[in-house]
Amino acid sequence: MTPGLVVITWTSLLLIGMVLLRFPLVVCIGTVGAVYIYTADLPARTIAPLITNAIDSSILLAIPLYLLAGDLMNVSGATQKIVAFASALLARVRGRLAHTNVATSLIFAGMSGSALADAAAVGKVMIPAMTREGYGAPFAAALTASASTIGPIFPPSIPMIVYGAITGVSVGALFLGGVIPGILVAVALMAYSAFAVRRMTLTEKHTAFSMIELLGATRAAVLPLLTPVIILSGIFTGIMTPTEAGAVAAGYAAFIGVFVYRTLDFRKIAECCIQSMKGTATVMILLGFAAVLGWMITFEGVARDFVEVTSGMGRFSLILLINIVLLIVGMFMDSTAAMLVFVPLLAPLATSLGIPPVQFGVMVVVNLMIGLVTPPVGFSLYIAAKIADVPLHDVIRAAVPFYIPLLFVLIIIIMIPAATLWVPTVMLGR
């Protein structure tokens, strides 16, 4: 084993060990970087420039803006209006609330870019409603957690912003690359839900489709429904950068909450700002500490050594290995931390295999999002289980079948490059 791979082996073992011992991720990553600096007999002043350079990026300004937009939409009551719209649209469909759950997550994904925000916002409305209608709390929670993965896949996407900051890949192209996969995840989850609800005894009423009701729900929800349209059209046409689109989304959410719905006041806006700042601080600290690990991988030549060691493997085997690694990593680590640690290692290997950067970026995000509904970490599972007030193991058991549609979409992304590249090619010409 080469010296570089020896280093990555012991640092990975230390990192995994600390994660399993339930140390905070920030402490885990910071400790591993500090131990490496010490054992390599490097000056401590090496750390500070690495951390400051990692977070000194204008594209990262988009993170608090999208978090704020999602929080403002949820607090203002826009989420409930979106749910009512999706429910009216799917009035005649058996399992209407299950499909409404997924459809709402797809719409909300165009506002927040965060799976956890999606799980919390949609879950607070949909899980109690589904439970009352006979779906069962574990199923409702599992569906909500699975549908929340659409948030970071469909644009805008906070993980894609982080990926772009790490690799230099265009965030706008990554956003466009997630359009078809995000829709595919929604369709796949709806297809499984249609199959699953056939065995359930539901109490929800099947009413005839009412155009009047749909028009009323559309009128009430039209302003929040315009949010993803404003964001995506601004980015697609080149009028706004992803960061500027985030600022517009946050300002628009505040405007309709204060002046249209009149449900937001200074106190609520301040609380949303504080919440988004806390979420941003967590990401920035992880970015800074993980930059030390990324520098370590480069300094030790780990990526080069890894490519040499795997050079005897076929292309298909290597792609399979990369995805298995990402799926396993997603089971144990937060997606941001996982990207910061492993993308600098795997991205050069993907390039050597001829995988386009946008396709690989979407592939990484989808793999890590599946980890959000996979124990032992499974952050979305924890949120959904808490809202449903049921034991976590019941939600995990109910979530197992949902891995099938999620993995099916992942296979499409891997095997069909056009699934991620067609929209960026048409819209950006690349």
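**Exercise 1. A covered helix**

In α8, the residues Ala137, Phe139, Ala140, Ala141, Ala142, Leu143, Thr144, Ala145, Ser146 and Ala147 are buried. Working with this predicted model, state how many residues of helix α8 are buried and what this says about the cover of the helix.

*Solution.* Begin with the cut-off, since a residue counts as buried when its relative accessible area is under 20%. Helix α8 spans residues 137–147, and ten of its eleven residues are buried. The helix is therefore described as mostly covered.

**Exercise 2. The enclosed space**

Find how many cavities of 30 Å³ or more the model contains, and describe the lining of the largest cavity by residue, by element and by class.

*Solution.* The count comes to one cavity of 30 Å³ or more, and the volume of the largest cavity is about 30 Å³. Its lining is made by Thr149, Ile153, Val185, Val366, Met369, Ile370 and Leu406. Turning to the elements, helix α19 (residues 357–371) gives the largest share of this lining, namely three residues. Sorted by class, the lining of the largest cavity holds six nonpolar residues and one polar residue, with no charged residues.

**Exercise 3. The largest pocket**

Give the volume of the largest pocket, name the residues closest to its centre, and determine which element gives the largest share of its lining.

*Solution.* The volume of the largest pocket is about 940 Å³. Its lining is formed by 37 residues, of which Leu67, Ser114, Leu116, Ala117 and Gly279 are the closest to the centre. Two or more lining residues come from each of α4 (62–75), α6 (96–112), α7 (115–132), α10 (158–167), α15 (266–299) and α18 (335–352). Among these elements, α15 supplies the largest share, eleven residues. By class, the lining of the largest pocket divides into 19 nonpolar, eleven polar and seven charged residues.

**Exercise 4. Backbone features in loops**

Locate the cis peptide bond, and then say where Arg262 and Asp389, two residues with positive phi, are placed and whether each is buried or exposed.

*Solution.* The cis peptide bond joins Pro155 and Pro156, with omega about -5°, and Pro156 is found in the loop between α9 (150–153) and α10.

Arg262, a residue other than glycine, has a positive phi near 55°, and its place is in the loop between α14 (242–260) and α15. Because its relative accessibility is 69%, Arg262 counts as exposed.

Asp389, although it is not a glycine, has a positive phi of about 60°, and this residue is found in the loop between α20 (379–388) and α21 (392–399). With a relative accessible area of 69%, Asp389 is exposed. For both residues the cut-off used in this step is a relative accessible area over 50%.

How values were computed
Residues are numbered from 1 along each chain as its sequence is written. This is a predicted model: local features need pLDDT of at least 70, side-chain atom pairs count only at pLDDT 80 or more; totals for chains, interfaces and linings use all residues. Side-chain values use heavy atoms; hydrogens and water are left out. On a 1 Å grid over the protein atoms alone, a cavity is a set of points where a 1.4 Å probe fits but cannot get out, and a pocket is an open set with protein on both sides within 12 Å along at least five of seven lines; lining residues have an atom within 4 Å of a point. Grid points are joined across faces, edges and corners, and a volume is the space filled by probe spheres set on the points. Helices (H or I, at least four residues) and strands (E, at least two) are DSSP runs, numbered from the N terminus. Ala, Val, Leu, Ile, Met, Phe, Trp, Tyr, Cys and Pro count as nonpolar, Asp, Glu, Lys and Arg as charged, and the others, Gly among them, as polar. Buried means under 20% relative accessible area, exposed over 50%, partly exposed in between (1.4 Å probe, protein chains only).
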